[in-house]
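Q: Can you walk me through how the helices pack in this one? Start with whatever term I need.

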Amino acid sequence: FTVAFTLELGLKVAAYGPSTLRSQWNLFDTVLVSLSWLELALSSARLTAGDVNITALRGFRLLRLARLSTIFPGLGRVMRMVTLSFNQISYLTLILVLIMFVAALLG
């Protein structure tokens, strides 16, 4: 995917010019693509986890979904509802843990 995202970024800069990178989303994409290439370079150099651990940066790729929510308003609504439901899910999880605890005590 790194090659595809690099190609996308290159085509975007070629089509719209370097001023494209002034947009916050395009700058964000540039940072993500650069971090992906850095991760690939470090993994090919076979650096151990004690030296550098950059695989944690893969989570930032999920933030590209936030960009999709600006393009597709329905996806933005779904993402808002999911984040609002985390509070209720935590209560449900607590109730299920209590039920399992009582069931374990009753044996």
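A: Axes here are lines fitted to C-alpha atoms, for helices over the stretch in contact, and angles run from 0 to 180 degrees between N-to-C directions. The model is predicted.

Q: How do the axes of H1 and H2 cross, and within what distance do they come?
A: Helix H1 (residues 2-16) and H2 have axes that cross at roughly 140 degrees and come within 10 Å. The crossing of H1 with H2 is left-handed.

Q: Which residues make that contact?
A: From H1, Thr-2, Val-3, Phe-5, Thr-6, Leu-9 and Lys-12. From H2, Asn-26, Asp-29, Thr-30, Val-33, Ser-36, Trp-37 and Leu-40. By class, the residues of this contact are six nonpolar, five polar and two charged.

Q: Ser-36, then. Buried or exposed?
A: Ser-36 has 8% relative accessibility, so it counts as buried; the cut-off for buried is under 20%.

Q: What does Ser-36 touch, leaving out residues up to four places away in sequence?
A: Thr-2 and Arg-61.

Q: Switching to H2 and H3. What is the crossing angle there?
A: Roughly 155 degrees, with the axes of H2 (residues 24-44) and H3 (residues 64-71) coming within 11 Å. H2 is therefore roughly antiparallel to H3, as angles over 145 degrees count as such.

Q: Left-handed or right-handed?
A: H2 and H3 cross in a left-handed way.

Q: And which residues meet?
A: In H2, Trp-25, Asn-26, Phe-28, Asp-29 and Leu-32; in H3, Arg-64, Ala-66, Arg-67 and Thr-70. The contact of H2 with H3 has four nonpolar, two polar and three charged residues.

Note on methods: Residues are numbered from 1 along each chain as its sequence is written. This is a predicted model: local features need pLDDT of at least 70, side-chain atom pairs count only at pLDDT 80 or more; totals for chains, interfaces and linings use all residues. Side-chain values use heavy atoms; hydrogens and water are left out. Helices (H or I, at least four residues) and strands (E, at least two) are DSSP runs, numbered from the N terminus. Angles under 35 degrees count as roughly parallel, over 145 as roughly antiparallel, 65 to 115 as roughly perpendicular and the rest as oblique. A crossing is left-handed if the near helix is turned anticlockwise from the far one by less than a right angle, and right-handed if clockwise. Contact means heavy atoms within 4.5 Å. Ala, Val, Leu, Ile, Met, Phe, Trp, Tyr, Cys and Pro count as nonpolar, Asp, Glu, Lys and Arg as charged, and the others, Gly among them, as polar. Buried means under 20% relative accessible area, exposed over 50%, partly exposed in between (1.4 Å probe, protein chains only).
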